[in-house]
Amino acid sequence: MGRYTKIFATFARACLVRDMTFRTNFLLECITSIGWMSMNLAFYLLVFTFTAEIGRGTGWTREPFFAFVATGLIINSIVQALFMPSAEELTEMVRTGGLDGVLVQPLDAQFVLSLHRVDFSAFANGLVGVGLLVWSLARMDHAPGVIAWILYPLLILCGVAILYSLVIMLAAATILLGRNQSLYDFWFYLTNFSRYPAEIYSGPWGGPLRNLCTFVIPILLVVNVPARIIAQPLTGQGWGMVAAAFSAAGASLLVSRIVFQAALSRYRSASS
Amino acid sequence: MTAATPSAAAHSRPRPFEGLRMWWMMLVISLEERLAYRGDFILGTLMRFLPIVTQLFLWTAVFSATNAADIAGYSRNDIVAYYLLTMITRAFSSMPGLAGGIARSVRDGSVKKYLVQPIDYVSFLLASRIAHKLVYYAVAVFPFAGVFFLCRSFFPPVPDAATIAIFLLSLLLSFLLGFFLEATLGMLGFWFLEVSSIVFAYMLLQYLLSGHMFPLDMLAGIGTGIPGVSLGSVVHWLPFEYTAYFPAAIWLGKIHGTELIRALVIEAVWVVVMAVACRIAWRRGTRRYSAFGG
């Protein structure tokens, strides 16, 4: 474990040095991601000029909803920074045969392929997310309790684990198909469902969609559970969601590991 | 760098039928290119509708909490229909890769071939963009028709023929506006070489102010700090709304009479302004251009 921590630190340091070599580009990337995020925040602010709540009786009024958005920003920025750059590079590595070089190293291939590239500019959105969370919590009627504060970071990690599992399974599809140029598109459309509170998915179509995105592809647990713990009073149903999030995170990591290893075992080198 | 002399250009100009044949071949090649990956293309087009599913549930939740029959004149069904219609508008006005492509051709020197050949670069770009769009519509019409058929209950009754004609005219103008806006941004490559930051700033404004995210009527109550002037009224004078909001609002019957005529005139004026700006940028840009690259 210590060895892997050291290797990851080396990867991270090399990426940071590279980012700092092109400082203006780094700054522009930070501004770009914050710019897009600000547009979405402006949209949510506009929505709350027409309503006091997202869904009747859901408790997602303005400040709790912005705590929800902040939680989503924090989780997504961690995934975008740590895992997405490596996963996106995998397509090219499969096509060119560069993956061979990773497979012959005396390291776990999934570890190297998941973490060898770190995008520090993606943390910019996470920092804004932390600021937004502080702003929202300071204005809420309900103050989170000690248990909520203990569970919140753990549930954020669960959300990151679920998203990581999805990323790595999409990357496994790259190995199987040989090309997967729309990895980022798939990712965007899939995570789009996790951007709003689960309560909005109701009715004859919303109910089954909610079940599908909770129990089959647990994308709705990613942001909803930590956000609910920090932004709303903890109830019996809340504890059920906490248990579901921990179980889903463990199961997702396990399934993704099996899928990724199976994909690697089917890899045929593209180089001579 | 100077362009070819008129006599040389006239000498090497292709005959009319040869030109037509060349364009026909370009169209056929583009069509075959699209059809080679038709499954991937249709799936990709269908996936673009997925964010509308979340918007449908979001606005349903908003309406359930407000008890209001409409927001800024839009019922829940109107909003869903609006999002679907903006997908059509965006299919006309969006020009992926145009600005970046022009700037790249300036940077790597490949633009110089248009200076020595008897081809007008802006016309060539416009013609090839028309060909690509036609091919896109030929294939995308199937997923679009499928989604619109499934979502037909969200739409109000089909408007009269005159409204449909104005809708089509606004779409045509939105294509031209999108083209000349992005082409002008690309021409800035003659001065800055790398225009990605400028394109990003444009995309950001476009994303928020074109009506891509929400019907712009919702901005009517948002103040600008100037007494009596709302953000909504300012946005109507900018070019962005004509690339997403305007045609959708026409179809949904949100704009009528003199207001509609006024908006059409503003859109047409913006097309002319941007076409002239594009032409000026090309003339001035090529005058100061030094052919980098091999």
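Leaving aside its neighbours within four places in sequence, with which residues is A:Thr58 in contact? The residues are A:Glu53, A:Glu199, A:Arg228 and A:Gln232, where contact means heavy atoms within 4.5 Å. The structure is a predicted model, in which local features need pLDDT of at least 70 and side-chain atom pairs count only at pLDDT 80 or more, while totals for chains, interfaces and linings use all residues. Residues are numbered from 1 along each chain as its sequence is written, chains are lettered from A and ligands numbered from 1 in the order in which they are written, and side-chain values use heavy atoms, with hydrogens and water left out.

- A:Thr58 belongs to the loop between helix H2 (23-47) and H3 of chain A; helices (H or I, at least four residues) and strands (E, at least two) are DSSP runs, numbered from the N terminus.
- With a relative accessible area of 13%, A:Thr58 is buried; buried means under 20% relative accessible area, exposed over 50%, and partly exposed in between (1.4 Å probe, protein chains only).
- A polar atom of the A:Thr58 side chain lies 3.3 Å from the backbone nitrogen of A:Trp60.

**Salt bridges**

- Over all chains, a search of the whole structure finds six salt bridges, each being a side-chain nitrogen of Lys or Arg within 4 Å of a carboxyl oxygen of Asp or Glu.
- A:Glu199 and A:Arg228, which both contact A:Thr58, join their side chains in one salt bridge, at 2.0 Å from N to O.
- A:Glu199 is in the loop between helix H9 (183-191) and helix H10 (203-216) of chain A and A:Arg228 is in helix H11 (residues 219-231) of chain A, so this pair ties together parts 29 residues apart in sequence.
- A:Arg228 counts as buried, at 14% relative accessibility.
- Another salt bridge joins the side chains of A:Glu63 and A:Arg62, at 3.4 Å from N to O.
- A:Glu63 is buried, at a relative accessible area of 16%, whereas A:Arg62 counts as partly exposed at 34%.
- In chain B, B:Lys254 forms a salt bridge with B:Asp78, with the closest N and O atoms 2.9 Å apart.
- B:Lys254 is in the loop between helix H13 (245-251) and H14 of chain B and B:Asp78 is in helix H5 (residues 76-93) of chain B, so the pair ties together parts 176 residues apart in sequence.
- B:Lys254 counts as partly exposed at 22% relative accessibility, and B:Asp78 is buried at 15%.

**Aromatic rings**

- The whole structure holds 39 aromatic pairs over all chains. Rings of Phe, Tyr and Trp (its six-membered ring) pair if their centres lie within 6.5 Å; planes under 30 degrees apart count as stacked, over 60 as edge-to-face and the rest as tilted.
- The ring centres of A:Phe83 and A:Tyr164 are 4.5 Å apart and their planes stand at 50 degrees, so the pair is tilted.
- A:Phe83 is in the loop between helix H3 (62-82) and helix H4 (84-96) of chain A, and A:Tyr164 is in helix H8 (residues 146-177) of chain A, 81 residues apart. Both A:Phe83 and A:Tyr164 are buried.
- B:Tyr121 and B:Trp282 form a tilted pair, 5.0 Å centre to centre with 35 degrees between the planes.
- This pair links distant parts of the chain, with B:Tyr121 in helix H8 (residues 121-150) and B:Trp282 in helix H14 (residues 257-288) of chain B, 161 residues apart. B:Tyr121 and B:Trp282 are buried.
- Ring pairs also link a cluster that includes A:Trp60, A:Trp135, B:Trp59 and B:Phe214.

**Charges over rings**

- The charged end of B:Arg152 sits over the ring of B:Phe149, 4.1 Å from its centre; this requires NZ of Lys or CZ of Arg within 6 Å of the ring centre and within 35 degrees of the ring normal.
- B:Lys254 lies over the face of B:Tyr74, 4.7 Å from the ring centre.

**The interface of chain B and chain A**

- The contact takes 30 residues from chain B and 32 residues from chain A.
- The two chains bury about 2800 Å² between them, 78% of it on carbon and sulfur atoms; buried area is the accessible area (1.4 Å probe) that two parts lose on being put together, summed over both.
- B:Thr54, B:Phe57 and B:Leu58 supply 21% of the area that chain B buries against chain A, more than any other three residues.
- Zero salt bridges are found across this interface.

Methods:
Polar contact = N/O pair within 3.5 Å; in protein donor to acceptor, adjacent residues only side chain to side chain.
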